Amino acid sequence: MAKNLLIVESPAKAKTIGSYLGDDFLVKSSFGHIRDLIKGNHAVKVDEGYAATYAVPDDKKAMVAELRNLAKKAEVVWLASDEDREGEAIAWHLQEVLELQEAKTRRIVFHEITKPAITAAVANPRRIDQDLVMAQQARRILDRLVGFELSPLLWRKIKPSLSAGRVQSVAVRILVDREREISSFKPQAAFRVNGWFQPTSTKAASQAPFKTELNRRFDLEEEVSPWIQMAVQCDWSVKAVEKKPAIKSPAAPFTTSTLQQEASRKLRYGVTRTMRIAQRLYEAGHITYMRTDSVNLSETALEASAQAIRQSYGEPYYHRRQFKTKSAAAQEAHEAIRPTDFTISRLPELEKDQQVLYELIWKRAVASQMAEAKLEKTRINLSTPTLKEEFVAEGEVLLFDGFLKLYLESADEDDQEGNEDDSNKEARLPALQQGDLTPVDRLLATQRYSRPPSRYTEASLVKKLEELGIGRPSTYAPTIGTVQDRGYVERAELEGVERQYRVLEQQPNSALVKQTLKEITGADKNKLRPTDIGMLVNDFLLQHFPEVMDFGFTAKVEEDFDRIADGQLNWAKMLDTFYQPFHQTVTKATEESERVNGERELGMDGGLMYSVRMARYGPVVARINPQDPEAKPQYAKLKAGMIMEQLDLADALDLFRLPRTLGEHEGQGMTVGAGRFGPYVKWGDLFVSIPKVDDPFTLTTERAVELIIAKQQAAAARLLKDFPDSGIQMIQGRWGPYLTRAGENYRIPKGADFVSADEAQCVQWIEQAPPPKPGRFGTKSKAKSTAKSTVKSTAKSTVKATASKPTPKGKAARKVKT
């Protein structure tokens, strides 16, 4: 047995560290947290100073027993979990559960998993930082209290099985606010005029016409049309030429937030995927710790990057920088995310996703220590005595590439708002001087519409959360993942709508050419969009818990956690300050608030009232005759992409186009309808789901027949035996063969020889089956749910099944729902 037991939280991390330490160390993994708050409402005892009750989960007990046994035999136990609050809490739980003596326990931390870093950490152990532990415990307890008090309230007031979290709810609010901005946005049209002019000076005469833009917009076609017809006849000349130097500086090395943002822009990675890959790179010793809000680089890293830049690019490309983090809460003792070895730009042995993320991290870190790019920007103004407007041309020439030789940071859509005309910039403009004539080559007036704010991507939402001071590096990815898992947010796949715009082109000595062109507006892909239930929950919480949903208040709570970690605030006092008013608000909302379903009347049509509301299985439009009190309402589900509060009467009428009749197939009618699980084609007793790629409102008869035949073929392939006289069929199910008769399913006894079973044997299994258990899945619901899957007796198929061990014939079948 080794003298030293070193415990980390990851097997991959254990393998890497184990390769650096000698035979005196045994490196084991705890596989993350070894215990958590117990389930239920009794995990936190508020009246006892927020005392928490923890338990080791069943799947961790064997591993804990092994670690406890190894710890007893070891002379020294080293706790080497991550350096953040979560890692400190893991170390504390290990110490508590394994009953480690403080005299034989060492806590070590490191920013990177390299041999020098591990050796230095072992040489400089410390005790567990209780302030960090309490900061993590305070967050965990507070989130448990908030979730366990808000969730039952949402069940009663909105819909069963809902849940709410403190930070997640604020993240949803950001998305809801943005969606309503987009919904209320009214686009404004204006004509943008571009002109192409022919240089006539001796130096530039051989060049092609250069592009400019007019310094004025026109609201109406009636205004721009006569203007360009007049402008094309004018004598334009150079009014002014302005040249000035400019520089571009590199971005700082990655923090958790900026890595998630840039990986989304450049690699199209979601934040969860980015952090999963970064975790593997860190555990393999390729990069430094990936949960950090610091842009600081160590002296060792600065020297290594300088050497790499000088060797690869030369001295002119090197410029030493030490970035400072803007956030006051950032820990400058930590480092930015960087490669552990600056001489390695590529790691071909890695999987592709790890390789491209590593290259991104390497380029960003190296570029941060490279020289600025030097440019020359040129601006040319063209004017004419006849008109007051001017055409402007802008261009820039790269004089020295500097860090751009290696890396350029990308931008979000919102950062590009207002820069849609960058395409007008040309790399190099003709050599012109003041007074040079520039005849018109052509003028183009294009109608353009103002754009609404962009929906958030995962990366831009992380950026927004960071700007507001909400969350920390370790919480961004879980927060965004949770709101999607709970169904409050979805990735928008919106096709957009067609819109017309006008284009007018005027050339010298030619007639004005007018065109009407089309474009798609409102299309979005992989953007975050709140769902209807997310908007309902947001509005309810905002009405009854305005302080909890306030951005500033949530940021203050994060600051309080930071103060706890720094030893400046008592964790129990902080919890009490938040929880007591919150608990009173929950009690008040429970007693006074009304049930919410978002119901809204849309209007009357043909004597029928249409309304929209949230039903048990999602948003629906209801249609009812208000003059007939006994009439039952009819319901239609919303189409994908529709939002309740944006729905109008026309949309509602369109939804009631279903069910619709398609025609016949083999003498039976086909209809398209919409059910709880989506649109379907009904043909006789057969129900066929319509794939998402097909629109139920435009589905053709031919396509419906294709879907029906495909369903029949799939069902026939599952049919093992068919006994028409008794109405029994043997079907190959997901978990094995089973029997079905009259809409009821019956499990074949375990180990029974179903291959050679005849009709009499199948009848016996069914007759000896015990009655179904009472409860949620009664006989009625079974028949209803299995009727669709019953294979038509007319299907012809021969399927060979693998025989299993026979069972005594007297053993009864069990009646089950499949």
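Guide: The discussion below takes each term in turn and sets computed values against its cut-offs. This is a predicted model, in which local features need pLDDT of at least 70 and side-chain atom pairs count only at pLDDT 80 or more, while totals for chains, interfaces and linings use all residues. Residues are numbered from 1 along each chain as its sequence is written, and side-chain values use heavy atoms, with hydrogens and water left out.

Visitor: Why is C762 called buried?

Guide: Buried means under 20% relative accessible area, exposed over 50%, and partly exposed in between, with a 1.4 Å probe and protein chains only. C762 has a relative accessible area of 0%, so it is called buried. C234, at 11%, is likewise buried.

Visitor: How many disulfides does the structure hold?

Guide: The structure holds zero disulfides, a disulfide being a pair of cysteine sulfur atoms within 2.5 Å.

Visitor: Why does S29 count as buried?

Guide: The relative accessibility of S29 is 9%, and therefore S29 counts as buried. S29 lies in strand β2, residues 25–29; strands (E, at least two residues) and helices (H or I, at least four) are DSSP runs, numbered from the N terminus.

Visitor: Why are S161 and A742 called exposed?

Guide: S161 has 70% relative accessibility, so it counts as exposed. A742 counts as exposed because its value is 74%. S161 is in the loop between α5 (130–157) and α6 (166–184), and its phi is near 70°, a positive value in a residue other than glycine. A742, in the loop between β29 (736–741) and β30 (744–747), has a positive phi of about 55° although it is not a glycine.

Visitor: How do you know that β9 and β14 pair?

Guide: Two strands pair if DSSP finds at least two bridges between them. Strands β9 (residues 189–197) and β14 (residues 440–449) have nine bridges in the antiparallel sense, and A189 has Y449 as its bridge partner in β14. Strand β14 is also joined to β16 (residues 497–506) by four antiparallel bridges; there T446 has V503 as its partner.

Visitor: What makes β23 and β26 edge strands?

Guide: The order β23-β24-β25-β26 forms an open sheet of four strands with antiparallel pairing. β23 and β26 (686–689) each have a single partner strand, so one side of each is left without a neighbour in the sheet. The twist averages 30° from one strand to the next. Angles run from 0 to 180 degrees between N-to-C directions, and axes are lines fitted to C-alpha atoms, for helices over the stretch in contact.

Visitor: Which helix packs on the sheet?

Guide: Helix α19 (residues 701–718) packs there, touching β23, β24 (668–675), β25 and β26, and its direction makes about 105° with that of β26.

Terms used:
Contact means heavy atoms within 4.5 Å.
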